[in-house]
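Subject: Structure for your attention

Dear colleague,

Please find below the structure that I am handing over to you.

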Amino acid sequence: MAKSSPPPTNIAIVGATSLLGRDILTLLAEQQWRGEILALDAGRYGGDEVSYGEDRVLAVHPMDAEDLTGIDIVIHAGDARDAAAAAKKAQAAGAWLIDTSGIYAMDPSVPLVMSGVNDNLLDDYDGAKKIIALPGALAGALSIALNPLHQHGMLKQIIVSTYQSVSVHGRAAQNELFNQTKKIFMAMPIAGEVLPKQLAFNAWPMVGDERDDGMTDVEFQTISQLKRIFGKDVKVSVNTVIVPAFTGDGMMVNIDCVNEMTAIKAALVMTAQPGLGVIDQGETMPTHADINGEDMVFIARLRNDSGFENGLSFWALADNPRAGLTIPLLRLLGKLTSQ
(Lines give C-alpha, C1' and ligand atoms only; values in the text may rest on other atoms or scores of the structure.)
Protein backbone atom coordinates (compact mmCIF):
# COMPACT_ATOMS: atom_id res chain seq x y z
CA MET A 1 0.00 0.00 0.00
CA ALA A 2 1.45 3.36 -1.07
CA LYS A 3 2.33 5.77 1.70
CA SER A 4 0.07 8.84 1.67
CA SER A 5 1.60 12.28 1.39
CA PRO A 6 1.50 14.54 4.47
CA PRO A 7 -1.17 17.25 4.35
CA PRO A 8 -0.20 20.72 3.11
CA THR A 9 1.51 22.93 5.71
CA ASN A 10 0.53 26.59 5.81
CA ILE A 11 3.36 29.00 6.62
CA ALA A 12 3.41 32.66 7.62
CA ILE A 13 6.69 34.58 7.27
CA VAL A 14 7.12 37.59 9.53
CA GLY A 15 9.74 39.88 8.02
CA ALA A 16 8.97 38.86 4.46
CA THR A 17 10.56 42.03 3.05
CA SER A 18 13.93 41.44 4.72
CA LEU A 19 16.86 39.79 2.93
CA LEU A 20 16.30 36.64 4.96
CA GLY A 21 12.55 36.71 4.39
CA ARG A 22 13.01 37.03 0.63
CA ASP A 23 15.57 34.23 0.66
CA ILE A 24 13.13 31.97 2.51
CA LEU A 25 10.39 32.77 -0.01
CA THR A 26 12.75 31.98 -2.89
CA LEU A 27 13.67 28.63 -1.37
CA LEU A 28 10.06 27.67 -0.63
CA ALA A 29 9.12 28.53 -4.21
CA GLU A 30 12.01 26.43 -5.53
CA GLN A 31 10.74 23.50 -3.43
CA GLN A 32 7.17 24.05 -4.65
CA TRP A 33 5.99 24.10 -1.07
CA ARG A 34 2.62 22.43 -0.51
CA GLY A 35 0.50 24.86 1.45
CA GLU A 36 -0.46 28.50 1.82
CA ILE A 37 2.32 31.08 2.12
CA LEU A 38 1.42 34.27 3.96
CA ALA A 39 3.80 37.25 3.81
CA LEU A 40 3.77 39.46 6.90
CA ASP A 41 5.65 42.36 8.40
CA ALA A 42 5.32 44.21 11.66
CA GLY A 43 3.27 47.11 10.38
CA ARG A 44 6.16 49.14 9.04
CA TYR A 45 6.02 47.71 5.52
CA GLY A 46 2.34 46.96 5.04
CA GLY A 47 1.25 47.41 1.44
CA ASP A 48 4.51 46.15 -0.05
CA GLU A 49 4.75 43.15 -2.35
CA VAL A 50 7.34 40.37 -2.52
CA SER A 51 8.13 37.88 -5.26
CA TYR A 52 7.31 34.22 -4.75
CA GLY A 53 8.87 32.22 -7.54
CA GLU A 54 9.22 33.51 -11.08
CA ASP A 55 5.61 34.43 -11.79
CA ARG A 56 3.86 35.05 -8.48
CA VAL A 57 3.71 38.09 -6.21
CA LEU A 58 2.53 38.09 -2.60
CA ALA A 59 1.01 41.09 -0.85
CA VAL A 60 2.68 41.90 2.48
CA HIS A 61 0.17 42.18 5.31
CA PRO A 62 0.70 43.91 8.68
CA MET A 63 1.25 41.19 11.28
CA ASP A 64 -0.81 42.88 13.99
CA ALA A 65 -3.95 43.02 11.87
CA GLU A 66 -3.73 39.54 10.35
CA ASP A 67 -5.67 36.52 11.62
CA LEU A 68 -3.32 33.50 11.59
CA THR A 69 -6.05 30.90 12.03
CA GLY A 70 -5.16 27.94 9.83
CA ILE A 71 -1.43 28.72 9.82
CA ASP A 72 0.68 25.77 10.98
CA ILE A 73 4.15 27.38 11.23
CA VAL A 74 5.18 31.01 11.72
CA ILE A 75 8.74 31.84 10.68
CA HIS A 76 10.08 35.00 12.29
CA ALA A 77 12.69 36.42 9.91
CA GLY A 78 12.34 40.04 10.93
CA ASP A 79 13.53 42.47 13.57
CA ALA A 80 14.28 41.09 17.04
CA ARG A 81 11.94 43.71 18.47
CA ASP A 82 9.02 41.88 16.87
CA ALA A 83 9.86 38.35 18.06
CA ALA A 84 7.65 38.42 21.16
CA ALA A 85 4.67 39.71 19.16
CA ALA A 86 5.24 37.01 16.53
CA ALA A 87 5.33 34.36 19.26
CA LYS A 88 2.08 35.67 20.74
CA LYS A 89 0.35 35.57 17.35
CA ALA A 90 1.62 32.05 16.68
CA GLN A 91 0.48 30.77 20.09
CA ALA A 92 -2.98 32.30 19.62
CA ALA A 93 -3.30 30.39 16.34
CA GLY A 94 -1.90 27.15 17.78
CA ALA A 95 1.02 27.35 15.36
CA TRP A 96 4.72 26.63 15.81
CA LEU A 97 7.10 29.58 15.83
CA ILE A 98 10.57 29.24 14.31
CA ASP A 99 12.60 32.25 15.44
CA THR A 100 15.78 33.44 13.70
CA SER A 101 16.23 36.70 15.63
CA GLY A 102 18.29 35.30 18.52
CA ILE A 103 15.74 36.42 21.13
CA TYR A 104 14.85 32.84 22.09
CA ALA A 105 18.28 31.34 21.42
CA MET A 106 19.31 31.50 25.09
CA ASP A 107 15.96 30.47 26.57
CA PRO A 108 16.64 27.05 28.18
CA SER A 109 13.01 26.04 27.63
CA VAL A 110 13.36 26.58 23.87
CA PRO A 111 15.53 24.19 21.81
CA LEU A 112 18.29 25.83 19.75
CA VAL A 113 18.28 23.58 16.71
CA MET A 114 20.66 23.42 13.76
CA SER A 115 19.57 20.85 11.22
CA GLY A 116 22.18 18.17 10.69
CA VAL A 117 23.92 19.07 13.96
CA ASN A 118 21.52 18.59 16.86
CA ASP A 119 18.14 17.64 15.39
CA ASN A 120 17.78 15.12 18.20
CA LEU A 121 16.73 17.97 20.50
CA LEU A 122 13.33 17.93 18.81
CA ASP A 123 12.81 14.29 19.80
CA ASP A 124 12.98 15.22 23.51
CA TYR A 125 11.15 18.56 23.26
CA ASP A 126 7.73 18.51 24.90
CA GLY A 127 6.60 21.36 22.64
CA ALA A 128 5.05 23.27 25.52
CA LYS A 129 5.88 26.66 24.02
CA LYS A 130 5.84 25.44 20.41
CA ILE A 131 8.89 27.67 19.78
CA ILE A 132 12.10 26.57 18.08
CA ALA A 133 15.13 28.88 17.89
CA LEU A 134 17.64 28.80 15.05
CA PRO A 135 21.23 30.00 15.49
CA GLY A 136 22.24 33.12 13.63
CA ALA A 137 23.73 32.68 10.17
CA LEU A 138 27.28 32.98 11.52
CA ALA A 139 26.81 30.47 14.36
CA GLY A 140 24.82 28.23 12.02
CA ALA A 141 27.54 28.01 9.39
CA LEU A 142 30.20 27.52 12.08
CA SER A 143 28.24 24.74 13.76
CA ILE A 144 28.00 22.85 10.46
CA ALA A 145 31.77 23.14 10.03
CA LEU A 146 32.61 22.31 13.64
CA ASN A 147 30.15 19.51 14.33
CA PRO A 148 32.18 16.61 12.82
CA LEU A 149 35.32 17.86 14.60
CA HIS A 150 33.46 17.92 17.89
CA GLN A 151 31.99 14.47 17.35
CA HIS A 152 35.40 12.93 16.66
CA GLY A 153 37.81 15.17 18.56
CA MET A 154 35.74 16.89 21.28
CA LEU A 155 36.22 20.62 20.94
CA LYS A 156 38.14 22.38 23.72
CA GLN A 157 38.67 25.85 22.22
CA ILE A 158 37.32 27.77 19.22
CA ILE A 159 38.82 31.03 17.92
CA VAL A 160 37.10 32.70 14.96
CA SER A 161 37.96 35.84 12.98
CA THR A 162 35.26 36.75 10.50
CA TYR A 163 35.37 38.48 7.12
CA GLN A 164 31.69 39.18 6.60
CA SER A 165 29.98 40.84 3.67
CA VAL A 166 27.89 43.96 4.00
CA SER A 167 24.77 41.81 3.63
CA VAL A 168 24.76 41.40 7.43
CA HIS A 169 23.27 44.91 7.42
CA GLY A 170 20.73 44.12 4.72
CA ARG A 171 19.90 45.55 1.33
CA ALA A 172 20.64 49.12 2.41
CA ALA A 173 24.29 48.22 3.04
CA GLN A 174 24.58 46.39 -0.27
CA ASN A 175 23.19 49.42 -2.09
CA GLU A 176 25.56 51.68 -0.17
CA LEU A 177 28.59 49.58 -1.12
CA PHE A 178 27.55 49.64 -4.77
CA ASN A 179 26.98 53.41 -4.79
CA GLN A 180 30.19 54.17 -2.89
CA THR A 181 32.23 52.06 -5.32
CA LYS A 182 30.85 54.04 -8.25
CA LYS A 183 31.50 57.35 -6.50
CA ILE A 184 35.13 56.48 -5.79
CA PHE A 185 35.80 55.87 -9.48
CA MET A 186 34.03 59.13 -10.31
CA ALA A 187 36.01 61.05 -7.63
CA MET A 188 32.79 62.00 -5.86
CA PRO A 189 32.53 62.54 -2.06
CA ILE A 190 31.41 59.58 0.05
CA ALA A 191 29.21 59.69 3.13
CA GLY A 192 28.42 56.59 5.16
CA GLU A 193 24.82 56.06 6.25
CA VAL A 194 24.57 52.38 7.21
CA LEU A 195 28.04 52.39 8.80
CA PRO A 196 30.02 55.39 10.12
CA LYS A 197 32.92 54.62 7.76
CA GLN A 198 32.94 53.98 4.03
CA LEU A 199 32.23 50.40 2.96
CA ALA A 200 33.94 50.44 -0.44
CA PHE A 201 37.63 49.41 -0.49
CA ASN A 202 37.65 49.34 3.29
CA ALA A 203 37.07 47.10 6.32
CA TRP A 204 35.08 47.82 9.48
CA PRO A 205 36.26 45.83 12.56
CA MET A 206 32.92 45.07 14.16
CA VAL A 207 29.56 43.55 13.24
CA GLY A 208 26.63 44.70 15.34
CA ASP A 209 26.37 47.15 18.20
CA GLU A 210 29.12 47.41 20.79
CA ARG A 211 28.34 46.20 24.30
CA ASP A 212 29.68 47.52 27.61
CA ASP A 213 32.23 44.67 27.73
CA GLY A 214 33.70 45.66 24.35
CA MET A 215 32.20 42.78 22.39
CA THR A 216 29.53 43.40 19.80
CA ASP A 217 26.09 41.86 20.19
CA VAL A 218 26.81 39.60 17.20
CA GLU A 219 30.05 38.36 18.79
CA PHE A 220 28.31 37.74 22.11
CA GLN A 221 25.35 35.96 20.51
CA THR A 222 27.60 33.79 18.34
CA ILE A 223 29.73 32.78 21.34
CA SER A 224 26.65 32.04 23.42
CA GLN A 225 24.98 30.00 20.69
CA LEU A 226 28.11 27.94 19.94
CA LYS A 227 28.55 27.19 23.65
CA ARG A 228 24.94 26.12 23.87
CA ILE A 229 25.37 23.78 20.88
CA PHE A 230 28.79 22.31 21.77
CA GLY A 231 28.83 22.68 25.56
CA LYS A 232 29.39 25.45 28.08
CA ASP A 233 32.92 24.23 28.87
CA VAL A 234 34.15 24.92 25.32
CA LYS A 235 36.13 28.18 25.20
CA VAL A 236 34.97 30.40 22.33
CA SER A 237 36.38 33.68 20.99
CA VAL A 238 34.81 35.55 18.06
CA ASN A 239 36.11 38.71 16.37
CA THR A 240 33.96 40.18 13.60
CA VAL A 241 35.00 42.28 10.61
CA ILE A 242 32.99 43.59 7.64
CA VAL A 243 34.74 43.53 4.27
CA PRO A 244 33.62 45.12 0.97
CA ALA A 245 31.83 42.07 -0.45
CA PHE A 246 28.12 41.89 -1.26
CA THR A 247 27.43 38.36 -0.02
CA GLY A 248 29.04 35.74 2.18
CA ASP A 249 30.45 35.10 5.63
CA GLY A 250 34.14 34.22 5.55
CA MET A 251 35.80 32.84 8.68
CA MET A 252 39.34 31.96 9.66
CA VAL A 253 38.91 29.30 12.34
CA ASN A 254 41.42 27.91 14.85
CA ILE A 255 40.41 25.05 17.12
CA ASP A 256 41.91 22.82 19.76
CA CYS A 257 40.50 19.38 20.55
CA VAL A 258 40.65 17.12 23.58
CA ASN A 259 41.35 14.07 21.41
CA GLU A 260 43.93 13.72 18.66
CA MET A 261 42.88 15.53 15.49
CA THR A 262 44.95 15.97 12.37
CA ALA A 263 44.21 17.77 9.12
CA ILE A 264 43.92 14.44 7.29
CA LYS A 265 41.46 13.02 9.81
CA ALA A 266 39.55 16.30 9.85
CA ALA A 267 39.16 16.28 6.05
CA LEU A 268 37.71 12.77 6.19
CA VAL A 269 35.16 13.45 8.92
CA MET A 270 34.20 16.88 7.56
CA THR A 271 33.52 15.45 4.11
CA ALA A 272 30.85 13.20 5.64
CA GLN A 273 28.98 16.13 7.26
CA PRO A 274 25.79 17.09 5.36
CA GLY A 275 25.96 20.62 4.02
CA LEU A 276 29.75 20.80 4.20
CA GLY A 277 32.25 20.73 1.33
CA VAL A 278 36.02 20.40 1.72
CA ILE A 279 37.91 21.91 -1.21
CA ASP A 280 41.50 21.50 -2.33
CA GLN A 281 43.91 24.40 -2.17
CA GLY A 282 44.99 26.62 -5.03
CA GLU A 283 42.72 28.02 -7.70
CA THR A 284 39.67 26.13 -6.42
CA MET A 285 39.79 27.89 -3.03
CA PRO A 286 36.39 29.51 -2.41
CA THR A 287 36.06 33.29 -2.13
CA HIS A 288 33.11 35.59 -1.49
CA ALA A 289 32.67 36.07 -5.23
CA ASP A 290 32.26 32.31 -5.77
CA ILE A 291 29.57 31.27 -3.31
CA ASN A 292 26.54 33.46 -4.05
CA GLY A 293 23.50 31.16 -4.12
CA GLU A 294 25.40 28.08 -2.93
CA ASP A 295 23.76 25.78 -0.37
CA MET A 296 26.91 24.47 1.32
CA VAL A 297 29.48 25.71 3.80
CA PHE A 298 32.88 25.42 2.13
CA ILE A 299 36.17 24.58 3.85
CA ALA A 300 39.68 25.28 2.52
CA ARG A 301 43.23 25.78 3.82
CA LEU A 302 42.70 22.92 6.28
CA ARG A 303 45.96 22.43 8.14
CA ASN A 304 47.49 21.49 11.49
CA ASP A 305 47.88 24.37 13.95
CA SER A 306 51.13 24.09 15.90
CA GLY A 307 49.86 26.57 18.48
CA PHE A 308 47.66 23.88 20.03
CA GLU A 309 48.23 20.29 21.08
CA ASN A 310 45.44 18.96 18.86
CA GLY A 311 44.94 22.10 16.81
CA LEU A 312 43.59 22.81 13.36
CA SER A 313 43.25 25.95 11.24
CA PHE A 314 40.93 26.38 8.27
CA TRP A 315 39.03 28.84 6.10
CA ALA A 316 35.22 28.52 6.11
CA LEU A 317 32.91 30.38 3.78
CA ALA A 318 29.14 30.37 3.30
CA ASP A 319 26.48 32.33 1.49
CA ASN A 320 24.65 34.06 4.29
CA PRO A 321 21.85 33.70 5.00
CA ARG A 322 21.24 30.84 2.55
CA ALA A 323 23.69 28.17 3.75
CA GLY A 324 23.72 29.30 7.38
CA LEU A 325 19.97 29.80 7.80
CA THR A 326 17.53 29.08 4.98
CA ILE A 327 18.81 25.65 3.91
CA PRO A 328 18.90 24.39 7.54
CA LEU A 329 15.48 26.01 8.02
CA LEU A 330 14.06 24.07 5.06
CA ARG A 331 15.43 20.82 6.52
CA LEU A 332 13.87 21.71 9.87
CA LEU A 333 10.52 22.37 8.19
CA GLY A 334 10.76 18.94 6.58
CA LYS A 335 11.36 17.33 9.95
CA LEU A 336 8.50 19.20 11.61
CA THR A 337 6.00 18.38 8.88
CA SER A 338 6.94 14.71 8.81
CA GLN A 339 6.36 14.18 12.54
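A residue is called buried when its relative accessible area is under 20%, exposed when it is over 50%, and partly exposed in between, using a 1.4 Å probe and protein chains only. Please note that this is a predicted model, in which local features need pLDDT of at least 70, side-chain atom pairs count only at pLDDT 80 or more, and totals for chains, interfaces and linings use all residues. Residues are numbered from 1 along each chain as its sequence is written, and side-chain values use heavy atoms, with hydrogens and water left out.

The chain as a whole

The protein chain contains 8 helices and 13 strands; these are DSSP runs numbered from the N terminus, with helices being H or I of at least four residues and strands E of at least two. Its radius of gyration, taken over C-alpha atoms, is 20 Å, close to the 20 Å of the globule rule (2.2 Å times the number of residues to the power 0.38) for 339 residues, so the chain is as compact as a globular protein of that length. The C-alpha trace spans about 60 × 60 × 45 Å along its principal axes.

Of the 339 residues in the protein chain, 50% are buried. The chain exposes about 16,000 Å², of which carbon and sulfur atoms supply 51%; accessible areas come from the Shrake-Rupley method with a 1.4 Å probe, and for residues only the protein chains shown count as cover. A contact means heavy atoms within 4.5 Å. Among the contacts in the protein chain with a separation of 6 or more, 67% are between residues 24 or more positions apart.

Aromatic rings

A pair of aromatic rings is described by the distance of the centres and the angle of the planes. Rings of Phe, Tyr and Trp (its six-membered ring) pair if their centres lie within 6.5 Å; planes under 30 degrees apart count as stacked, over 60 as edge-to-face, and the rest as tilted. By this rule there are 3 aromatic pairs.

One of them joins Tyr163 and Trp315, a tilted pair with 6.1 Å from centre to centre and 55° between the planes. Tyr163 belongs to strand 8 (residues 155-164) and Trp315 to strand 13 (residues 311-318), so this pair ties together parts that are 152 residues apart in sequence. Tyr163 is partly exposed at 32% relative accessibility, whereas Trp315 is buried at 12%.

Another pair is formed by Phe185 and Phe201, and it is edge-to-face because the ring centres are 5.9 Å apart and the planes stand at 75°. Phe185 lies in helix 5 (residues 171-185) and Phe201 in the loop between helix 5 and helix 6 (217-230), so the pair links parts that are 16 residues apart in sequence. Phe185 is exposed, with 67% relative accessibility, and Phe201 is exposed with 55%.

A ring also takes part in a charge arrangement: the charged end of Arg211 sits over the ring of Phe220, 3.8 Å from its centre. This description applies if NZ of Lys or CZ of Arg is within 6 Å of the ring centre and within 35 degrees of the ring normal.

Which side chain does the side chain of Arg322 meet in a polar contact? It is that of Asp295, at 2.5 Å. A polar contact is a pair of N or O atoms within 3.5 Å; within protein, one must be able to donate a hydrogen and the other to accept it, and residues adjacent in sequence count only if both atoms are side-chain atoms. Arg322 is in helix 8 (residues 322-338) and is buried, with a relative accessible area of 9%.

Ser115 is located in the loop between strand 6 (96-99) and helix 3 (120-123). Ser115 is buried at 8% relative accessible area, and its side chain makes a polar contact of 3.3 Å with the side chain of Asp119. Leaving aside neighbours within four places in sequence, Ser115 is in contact with Pro328, Arg331 and Leu332. The C-alpha atoms of Ser115 and Leu329 are separated by 7.3 Å, although these residues are 214 residues apart along the chain.

Yours sincerely
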